[in-house]
Amino acid sequence: MPPPSPYFQGFAYKTPAPRTDRSASPVTDRGYSSSVRGGSVHDMGYESSVASRADSPGPVGSDEPGMGDYFKKRRDLLDILKSLHSTGIQNELDLPQIVVIGSQIDIASGHRDLHPMPYGITGQTLAIIREVPFGSTLYNAEDVEKMLRRAQRAILRPELDPTLFLDDSDLHVFGVPLTFSGNCVCINVEGPNIPDLYFYDLPGIIANVGDGGNEADIRLVEQLAKSYIKKPNCIVLLVISCETDFENQGAGRLVLKDPALRQRTIGVLTKVDRIEFGGASRWLRMLRGEYQPLLHGWYCVKQRDLVQLQEGVTWEEARSYETEFFQTTSPWADLDFSHRARLGSQKLAEKLGGILSTLVSEELPGIRKTVKAELNKVNQRLQELAPPEISDPRRIVITLLRDFTKKLSKHIEGIPPAVNPSDPTDTTVTGLLHSLNEAYERFRVKLHKTAPQFRPWSTTTNVDSQTEKRMLDSAKQDDDAVGLGRTNKLHADEVMDLARRSRTRELPGNYPFSVKERLILESVRQWSDLSHECFTEVKDIVVKHVIRVVEDHFKGHNNGGLKEAVSKITSEQIIKCAGLTKAKIDSLFRSECSPYTQNDQYFLAYKTKMLTRYKIIHQELQGKTNLVTALRAYNPSNQSSTGNSSQWSYLNNAIANLANFGISVKAEDFIMLLPQHDLTSALEIMAEVRAYFQVAYKRFGDNVPKLIDADFVQGIDSSDDGLDVALMSMDLTTEKCMEYLQEPRSVIRERTGLAGKKNRLEAAQLKLEKYYRG
């Protein structure tokens, strides 16, 4: 015999599946909240499908000719919708659906103790959801509430075995339940005279929280509602309570402020029996469409109150009371026929079923097309992610390692940079050597700034800042380091004082070499830190570059430890080369602490040039500015170049006469013939120290980058004991290589997810094709 109607079949709840879940058909879903109880809607957080039995042609009173076919088609459409939802495909597709939304006080109907709400809602989709069967089929409607409460406790205590809740054993297990849950309870109701519906009942919008509550819950619940009602194929069932001012109900504000939502919203006025005396006019205006109009209009329902529920009033009795209420109670009984057609749960259910079936009929061809397209995409991606067939794991791993060292060698040798690199800090596209050369250039500039800062005048000479700048510009000419360095300034009289105090047994006019050595070391002693700073900068650039190359080359092999093993050995090789390089830099620096050069020609030429410049500046400050200026301005083809034609003639004749003796001189050279003074020796010391610095700084500025490049940069991949040799010392047994070649977890997760999606799409496609075949 068929079971009594209605009956509650497939009682279950949806919960996130653990990573090890191996269910045959996991359901991917956000988790919905809706429920149906005796044909009226309550905010208990459930997903529900309600359908008439096959032996029920349609709603009561629908026996007009031809209406049986209409209701059969409508029921078939809602059946296919329910079937599609049962596959979990709603995460991939925007399936038609009805979503119930209201404020807590609107749809609670005295049952606020049944309020599982989303836990940690972020608007994001859960990756994997499974449907957990909960209890057996119920044939007595009176048993449903108790089972709902148990299911609710189950989703709020996810750490417990679901079977504990079936006999209330969970009540004896200590623990604190969740305040919210992203899970939902699903109910499938079947029986005659049950409306053809499939809907989701969301938690009521809350305006405030009680003592100890979390105010963030207000926004969380609102965001959950928004995530559903924004879907184009979502029909919104807006529930408004008549015992509270409309303006105070958040659900109304949330829905009705959006003109697009008004086009797919059905309004429901509840608790019409609790309207204060004389306060029905506003609600009647809404029912007539005069206030807050909606495309699908407003409906009025009267649900069972708490007393009736406690007294066990049946669903049929509740509908009878509702019909009697609207037929006998003013002002509802006084409405015209068109508006009375919007009174009662039965009329609402018929309207919802009609709208939903129409929407399904319109969207089904597009859904069918989308399912096919999505299935093709999934199959293509699964082919791309097919597990590789490995016959010789050792050969594959060794080839990967050798290809890596070859790639790294090319980067070290130098590869052309990208024309317009997207990331200017990525040396794999901008060029490793380009970045290293920039680091070497910065080192050279810093080194140059350690030049001795000599001032070829006495500390007692009154030199203003403008004159000092002019003198320094004259002295530096092609040497920017003069006047810009780190070394302390030294004037000629200070150098002379140091020389005099340093004399031991030297003959008059002679000064010990230690004076020059002391002044040279003032600059050289700064070079150790600068050279190690340069090496640290180069090492950082190289390390980051190598890390990028490793990440790129082994990006598909980081699950079995291959990338980590290569990174470890590469790091060890870099550390070894860095230690050897730093030791050689220290040795190079120590050699510079003893002044020495064989570059005589350059040293002597630069010494002469600097001495001439120093003497010119000194003579100018001694009052011989006009003579010095004339000698420097002399032009053999311009009599007025010296400012005095007689001077020009004397100079011209003197240079010509010396040329007759085979002596080639310039006008500036006559400055050296000016009378000597007591700081001449200091100027000579200054010129010699400055000349040696020029020789030594160029030498050190070349040798340090050359050493770093040869011993560190190229040393990482040297042919004798380079990275290639080090990598071959890894564990390359067949078993270990097989482990190295394990697929990345991300690929496995993606393939698993795609397999589940494929199952859902295929299940949906099968149901769609079955529907279209009739």
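Which residues have the most contacts inside the largest nonpolar core? The model is predicted, local features need pLDDT of at least 70, side-chain atom pairs count only at pLDDT 80 or more, and totals for chains, interfaces and linings use all residues. Residues are numbered from 1 along each chain as its sequence is written, and side-chain values use heavy atoms, with hydrogens and water left out.

**View 1. The largest nonpolar core.** Val 538, Phe 712 and Met 730 have the most contacts inside this core of 78 residues, a nonpolar core being a set of buried (under 20% relative accessible area, 1.4 Å probe, protein chains only) Ala, Val, Leu, Ile, Met, Phe, Trp, Tyr and Cys residues joined through side-chain atoms within 4.5 Å. Its largest share, 18 residues, comes from helix α23 (residues 680–713), where helices are DSSP runs of H or I with at least four residues, numbered from the N terminus. A second, separate core of 39 residues includes Ile 206, Val 221, Ile 240 and Leu 335.

**View 2. Surroundings of Phe 712.** Leaving aside residues up to four places away in sequence, Phe 712 touches (heavy atoms within 4.5 Å) Phe 535, Val 538, Lys 539, Val 542, Ile 574, Cys 577, Ala 578, Thr 581 and Leu 707.

**View 3. Glu 322 in helix α9.** Glu 322 lies in helix α9 (residues 315–328) and counts as buried because its relative accessibility is 3%. Beyond residues up to four places away in sequence, Glu 322 touches Val 301, Lys 302, Gly 344 and Ser 345.

Conventions. Helix = DSSP H or I, 4+ residues; strand = E, 2+ residues; numbered from the N terminus. Buried < 20%, exposed > 50% of the residue type's maximum accessible area, 1.4 Å probe, protein only.
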